[in-house]
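Colleague: Could you walk me through this model, one feature at a time? I would like to learn how to read each one.

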There are 2 protein chains.
Amino acid sequence: MTKLVENAAGRLVPVEINGTPAVPYQGVGRYRPQGRKAAPPIRSCADYPADGDKTAPDLKTALQRAGLRDGMTIGSHHHLRNGDLVANQVFRAAAALGVRDLRWVPSAAFPCHAPLIELLENGVIHHIEGSMNGPLGDYCSQGRMRGMGVLRSHGGRWQAIQDGEVHIDIAVIAAPTADPFGNATGDRGPAACGLLGFALADSLYADHVIVVTDNLVPFPCIPWQIQGNNVDQVVVMDRIGDATKIVSGTTEITKSPDRLLIAELTARFCDEAGIVRDGFSFQAGAGGTALSFALFLRDIMRERRIKARFVRGGSTQYLVDMLEEGLTDYILDGQTFDLAGVRSMRENPGHVNTSPFTSYNWHGKGNFASLLDAVVLGATEVDVGFNANVVTHSDGRLLHGIGGWMNCLAGRCTILPVPSFRDRIPVLVDRVTTLCGPGELIDVVVTERGIAVNPQRRDLLEKLRGSSLPLRGIRDLKAEVEEIVGGPPAPPALGEKVVAAVKWVDGTVIDCIREVRG
Amino acid sequence: MTKLVENAAGRLVPVEINGTPAVPYQGVGRYRPQGRKAAPPIRSCADYPADGDKTAPDLKTALQRAGLRDGMTIGSHHHLRNGDLVANQVFRAAAALGVRDLRWVPSAAFPCHAPLIELLENGVIHHIEGSMNGPLGDYCSQGRMRGMGVLRSHGGRWQAIQDGEVHIDIAVIAAPTADPFGNATGDRGPAACGLLGFALADSLYADHVIVVTDNLVPFPCIPWQIQGNNVDQVVVMDRIGDATKIVSGTTEITKSPDRLLIAELTARFCDEAGIVRDGFSFQAGAGGTALSFALFLRDIMRERRIKARFVRGGSTQYLVDMLEEGLTDYILDGQTFDLAGVRSMRENPGHVNTSPFTSYNWHGKGNFASLLDAVVLGATEVDVGFNANVVTHSDGRLLHGIGGWMNCLAGRCTILPVPSFRDRIPVLVDRVTTLCGPGELIDVVVTERGIAVNPQRRDLLEKLRGSSLPLRGIRDLKAEVEEIVGGPPAPPALGEKVVAAVKWVDGTVIDCIREVRG
């Protein structure tokens, strides 16, 4: 049985994860790292082809040449999202080589990776550390994975690799375009996905780096989002991704009247709180509500002739329109969610690709997340202490990754526009099932029934005095919701087994997830 | 007295440099590095301002906050060349703080840094490791520097820092444009110098990084050639550079009939040797002969409708013209030598900035230098074994840095277009005063009196059979020159003291430089 201790957030967390001691969460900004960054082996050009041609005939050969063996750690990125055709092939090749007990550290896994459940079952893969969206999350929730899952934010993954907490033996980087030297970019090619920022840490810190592409161009591949000087081998395959599942032609704004109301309230809140002013910045995701928020904000900006200094993506057509219309100087983009985003990144010098290092790494000399005037994020649950959950549902099932969510909480004003209930299950609760974001970092919760401002943000409350916005206490909102749906959600049926640990941005354990029963 | 041993090139070299053991040169590609790369300390955002404002009031305060103390190592770059106004101020501030025995590791020092001789004399600076052009080289040659100088190529400087051979305590990065977070670029601003690639290693590996700028812009500074996430402090000063001395409006082609002949022979050689073909690549410097060579080559390319895949700079108006005319897909640029280069890098996505990591680092997974079809370089001396010298003159005086010269020898065809004598002193000699490039890596020497092909390159000799080019043996050429000028150069008057070590691209010691007498 995993030994648990109570951390600074009052959550019981494991003191050991897969045999390695873990540090319990100590509070926001409390844990101070020691030591020096991880460092890859020194190589010599004498051991690489002088003509720069690092191509290997196929993935299996490349893995063999990389020295793949039992128990190794494989890194991969998720820019191809649910259209990724590479990760499954990597592990099938590993299986064909008879290798076992691999640790997979993807920046995220998607439903397209469901076939890997078979390899988790037959011992090729030991466990996954990374966001598990959908079937793999469900599999983990059922307590069927041999090792403990580890959920990290995008910044947390960088931190863990940088700090040497996670040593990647072999990184496999799916690249929409690459040259034989290993320079690679995501902004062009049949499987274009925009950028490759999630793979940057892998390219810098892994012992061995394999680039896989279906669009080999002569040296130099420009831009080189991944630098060939960090790459050991290049594998060309027919198809690395299903373009229709990587990016959609359009990302849809919400049509739900409730969600539209939430989006509008969020934009009005930003305006009345004095956030929308010349040179400001904001980040909003690609969900329907967030997109609608961006449109309402755009209207305010147009009307008042306000220009943002930068907006942060996940980029979409809507952000690209704002850039092209001159409503912002820059898009600082962490991933492109549609084809307009990919095109803009390729063509517009004001559409700049970023990485978890620049944007989110807590163990750096500052990061971009804390410079944002407003961040608009989702949540599966928010409790009366403004603590929020983004990975599990109220039934305890792990179904979502953390993404950049945790990292974004460092912004100057963190806003969660959420419906007060979903499918008659309240989103506002007494205590979140899984703690992902400490309440002290969450400033505002916007629901269709009113806006709750964190009482710690007296400055915001002061600014909004006399506002016509429906400001309410979070407990009031919760009580109203419970009255509508007939009480708080049923407690989840959980077993004792800890199936996954949730790491805070500094590598400490903020919470853990238990096996779901029945 | 420094103990010396004979290395694989037959040169006597010190076994110890400034108290640290040194590895003698073992032959091309023979030395294999061990261990892992250097790693900077892990930091936490908790220790940096959340609003991203890292500005310090002045250089002295910044150095104090950085913990400057006796014996530390300071890194700096030379993109501002002879117009640099920062380095002298750094050491004056250090002197004002009463600090002593500093080691200065610039990527190069220029005549504008002559005032630092006073600080070398009074103990503030202990010694310099880096290219010493002009007065500082002369000072070192006289045996007056307390420590031993260390000369490294651009790639060798990266290698030494990356491998932990040189640990930089504090890097001071002069930046023509920067934001308060520390993002910085060289491609714009009153002291625009194009790029900041020589400072990249410093930003990645130093314990503490200070960006100094005279053009502060609001976050984000785009492009971020130096990433603010690696920067600790930002200092704003009135003027970081004298623009007239950083870049010249035009770089002049040679007017000397002999040099024009050499340039033309070099271009014709490339053509007849089959190097000039669609998709080829070349690198030529910014000297008068190299520029003329590029023009002759351009004429051949125009006439035969040949397009290069990439050319490498030092960029100038001439390379920029080729890019804009469509004679090359890309310029991969290591430094901009004129304003046309700066503008082109700023505006043209095909004009790409590089760093010693991508271009030259021998302890990487390959580098760009070995991918070049032809490299055209200078030399102060070449001997009958095709060995070449680029740092000292025949009188033994250290007057030039290595630059990327050593690294470029990895190219597929290394050509030295040199006059056979200068000021009645032969360039072709029996044995070079200082060995910088082993003869096996130098393929062709082009003089006004004929072209000598290294006998090891039978493939080239084969291709040129029946050519009308004046192909001659290198000993013949040397004999002819000696006849004209009245014999070989007088041997330099050298003392016993070793004043500087010359490092090969892999960090081993290929030669050393002795004190010049009289």
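Colleague: Which residues in α9(B) meet which residues in α10(B)?

Modeller: A word on conventions before that: residues are numbered from 1 along each chain as its sequence is written, and chains are lettered from A and ligands numbered from 1 in the order in which they are written. This is a predicted model, where local features need pLDDT of at least 70, side-chain atom pairs count only at pLDDT 80 or more, and totals for chains, interfaces and linings use all residues. Now the helices: Leu291(B), Ala294(B), Leu295(B) and Arg298(B) in α9(B) meet Tyr318(B), Leu319(B) and Met322(B) in α10(B) (contact: C-beta atoms, placed from the backbone, within 7 Å; helices: DSSP runs of H or I, at least four residues, and strands: runs of E, at least two, numbered from the N terminus). These contact residues divide into 6 nonpolar, no polar and 1 charged (Ala, Val, Leu, Ile, Met, Phe, Trp, Tyr, Cys and Pro count as nonpolar, Asp, Glu, Lys and Arg as charged, and the others, Gly among them, as polar).

Colleague: At what angle do the axes of α9 and α10 of chain B cross?

Modeller: Two packed helices are described by the angle between their axes and the distance between the axes. Here the axes of α9 (residues 288-304) and α10 (residues 317-325) of chain B come within 10 Å and cross at roughly 20° (axes are lines fitted to C-alpha atoms, for helices over the stretch in contact, with angles from 0 to 180 degrees between N-to-C directions). That makes α9(B) roughly parallel to α10(B) (angles under 35 degrees).

Colleague: Thanks! In what order do the 7 strands of the open sheet in chain A lie?

Modeller: Strands of a sheet pair through backbone hydrogen bonds, either parallel or antiparallel. In chain A the order is β5-β16-β15-β12-β6-β7-β9, with parallel pairing (pairing takes at least two DSSP bridges). β5 (55-56) and β9 (125-128) of chain A stand at the edges with a single partner strand each, so one side of each lacks a neighbour in the sheet. Further in, β12 (residues 170-175) and β15 (residues 208-213) of chain A pair over 6 bridges, and Ile173(A) has Val211(A) as its bridge partner in β15(A).

Colleague: What rotation superposes chain B on chain A?

Modeller: A rotation of 180°, with 0.0 Å of shift along its axis, does so at RMSD 0.0 Å (least squares on C-alpha atoms of residues with pLDDT of at least 70 in both copies). That is the relation of a two-fold axis.

Colleague: And how many residues does each chain give to the contact?

Modeller: Chain B gives 47 residues and chain A gives 47 residues.

Notes. Parallel < 35°, antiparallel > 145°, perpendicular 65-115°, else oblique. Contact = placed C-beta atoms within 7 Å.
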